[in-house]
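Hi everyone, thanks for coming.

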Amino acid sequence: MARATTTREFMLGEGAGTGAGSQNIHVGVGPAHPAMHGIIRIQAELDGEVIVKADVEIGYLHRAFEKDCEVGGWNNAIPYTDRLNYVSPLINNFGYASAVEKLLGIDITERCKYIRVITSEISRICDHLTCIGASAMELGAFTVFLYMIKAREFLWELVEDVTGARLTISYGRVGGVKADLPPDFGDKMRAAFKQVREVLDEVHRLLTGNRIFMDRMVGVGVLSREETIAYAITGPLLRAVGVPYDVRRAQPYYVYDRLDWEVPTQTAGDNFARYLVRMAEMEQSMRIAEQALDQIPGGPINVDHQGCPIDPATYVDQGKQGKTEGLLLVPITLSPNLQGSERHAHQRVNAADKRVVLPPKETTYGSIEGLMNHFMLIMEGYGIRPPAGEAYFAVEGANGELGFYVVSDGTDRPYRVRCRPPCLPPMAALHRMIEGEMVADLVPTFGSVNMIGGELDR
Amino acid sequence: MEGGAILAELQARFGAAVVETHGHRGDHTAVVTREALIEVLGHCRDDARLAFDVLMDLTAVDVSRLPGREDGPRFEVVYHLASLRHNHRLRLKVRVSEDHPVVPTAVPLWPIADWLEREVWDMFGVRFEGHPDLRRLLLYEEFVGHPLRKDYPVNRRQPLIGPRI
């Protein structure tokens with residue numbers, strides 16, 4: 001005989017509201033939820049306010065990055081890498097370019113290494129500022145968010161000065177970078193860092209030791225050292241459990257081994273430890289960038305200044321008329337293209353390798369050799385052709401090890417490009433961090449992971 | 001340990017199970033048989049001299065269009081191992097055919113293999129035997145095919161599926 005059910009039992013299952021036992025509630029957080037930076041879905045099973053089980057679902061931002069890379073040439077993947085971690089796109093650019101350079105076996109110029117280091121570190125600060133600012137905002141500290149975004153704005157102005165864009169910068173190239181640093185970059189960077197330091201100091205006074213902030217962060221979202229390693233988590237989350245692993249220190253690339261900096265670590269492994277690691281890393285990044293700026297070499301300028309400067313139009317005209325003898329050696333006065341990308345600067349920041357690097361525009365327009373070289377790199381079926389083989393190159397992204405595994409079949413298109421996204425492992429382990437905690441703690445824990453949809457879903 | 005020494009050690013221990021090795025561009029690589037895979041991975045993780053405690057990456061390559069490899073096994077599943085203790089790296093590969101694309105799972109060794117194997121299943125259709133929950137990771141369940149296979153056309157569209165109710 002069917003038992004009479006109350007409406008409550010009908011809605012919530014047998015036994016609900018009768019005192020006979022409790023039911024767990026399933027709550028879906030996301031995919032479109034203000035605290036799920038980007039789009040992600042967490043299916044949480046709640047017992048009261050405690051999360052007993054969580055299933056994290058990703059893939060809402062999947063754009064077939066790896067498949068798209070196989071379609072165009074090797075350099076055509078650079079704009080796609082901008083959109084992986086869109087807060088620090090420069091690091092992605094250089095990570096990918098370095099993987100291809102490793103496959104090709106070429107070495108970039110000294111000045112280019114320094115430029116890559118400086119701009120990477122600026123990007124890293126932007127990333128940490130965004131992460132901490134957004135997490136603090138979700139805990140109610142809106143002021144911190146505004147301060148942090150203000151500081152990020154100073155840095156993005158620097159990025160804009162160098163690359164010409166703020167977000168989708170496409171600045172890296174296989175074999176170098178797009179253009180040299182602008183002339184007054186050093187002063188601007190020091191001025192911006194001064195303001196960033198002021199902001200960080202303010203934020204430290206606002207947050208570190210703040211009762212509300214500490215209550216929400218200390219002891220929340222803890223992941224043990226063993227589990228962090230077993231989940232292949234790198235970056236600030238690994239350093240927050242006391243493992244001083246940083247790709248820049250462990251397998252130094254570019255010029256990180258020539259600079260004096262520290263790997264900040266904490267031991268607690270909770271959200272607060274991650275916050276402290278990120279705050280300390282920003283100061284270290286500024287130290288790295290400042291030292292690199294002091295050490296940056298001018299680099300070889302192979303142009304022999306024999307002729308007197310002429311204006312670009314005359315130069316191009318002479319090239320068209322076939323008067324190319326000695327034309328390569330003539331320095332010209334006005335940049336015919338992007339600022340900072342003239343021939344002399346081009347040679348400083350790009351590897352002297354005709355298989356890889358596009359010639360400067362003066363050479364392309366002014367000499368038949370340059371034009372042919374340009375064509376050989378642009379025409380379909382030619383382009384950059386690394387020898388068949390495979391290479392894995394890792395850089396330290398803002399969230400941890402950012403690795404690119406590239407496979408070449410010897411043609412002008414990548415056979416396979418694999419990106420190891422640094423924020424996928426922490427997302428895979430997120431359910432371990434939030435299970436057993438209050439549902440409100442999901443938000444700061446998720447914030448401390450710094451999920452970036454672009455690189456997580458690719 | 002130096003990369004070459006790691007490869008020598010693996011060859012000495014596992015003999016014929018290590019099919020091929022190379023050190024192209026400083027990335028030391030060993031190709032192992034599917035039968036010995038879990039044993040080799042376990043040895044790499046647990047041996048004190050190797051101590052590969054991190055499964056840095058797990059992916060696959062469809063080699064069916066790679067010159068000279070068209071007729072061999074279609075997929076290569078690639079494991080990138082790293083050791084935090086000794087600061088060295090190793091790449092392990094296992095080849096599987098299209099007819100029987102199954103690899104034993106590495107989830108008992110490293111929990112991160114859970115998601116990485118789901119992604120490989122999603123993108124390549126390589127199944128992992130013993131995986132606790134082999135669902136698609138990035139795409140949706142109704143998606144047909146495995147897009148990173150070389151015969152999946154780049155411009156192919158699939159109907160968008162609404163949320164499951």
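The accessible surface of chain B comes to about 7400 Å², and 50% of that belongs to carbon and sulfur atoms. Accessible areas here are from the Shrake-Rupley method with a 1.4 Å probe, and for residues only the protein chains shown count as cover. Before I go on: this is a predicted model, where local features need pLDDT of at least 70 and side-chain atom pairs count only at pLDDT 80 or more, while totals for chains, interfaces and linings use all residues. Residues are numbered from 1 along each chain as its sequence is written, chains are lettered from A in the order in which they are written, and side-chain values use heavy atoms, with hydrogens and water left out.

Staying with chain B, 54% of its 165 residues count as buried, meaning under 20% relative accessible area (1.4 Å probe, protein chains only). How many helices and strands does chain B have? There are 3 helices and 7 strands, taken as DSSP runs, with helices being H or I of at least four residues and strands E of at least two. Reading from the N terminus, the order is α-β-β-α-β-β-β-β-α-β. As for contacts (heavy atoms within 4.5 Å), among those in chain B with a separation of 6 or more, 52% are between residues 24 or more positions apart.

Now let's see where the two chains meet. Chain A brings 47 residues to the contact and chain B brings 45 residues. Between them they bury about 3800 Å², 57% of it on carbon and sulfur atoms; buried area is the accessible area (1.4 Å probe) that two parts lose on being put together, summed over both. On the chain A side, K67(A), E390(A) and Y415(A) supply 19% of the area buried against chain B, more than any other three residues.

E390(A) turns up again in a salt bridge with K93(B), with the closest N and O atoms 2.9 Å apart. A salt bridge is a side-chain nitrogen of Lys or Arg within 4 Å of a carboxyl oxygen of Asp or Glu, and the count between chain A and chain B is 9. Strand β6 of chain A (residues 389–397) gives the largest share of the side touching chain B, 5 residues.

Last, the cysteines. How many disulfides are there over all chains? The count is 0, a disulfide being a pair of cysteine sulfur atoms within 2.5 Å. C69(A) is buried, at 1% relative accessible area, and its sulfur is too far for a bond because the closest cysteine sulfur, in C419(A), is 8.9 Å away.

How values were computed: Buried means under 20% relative accessible area, exposed over 50%, partly exposed in between (1.4 Å probe, protein chains only).
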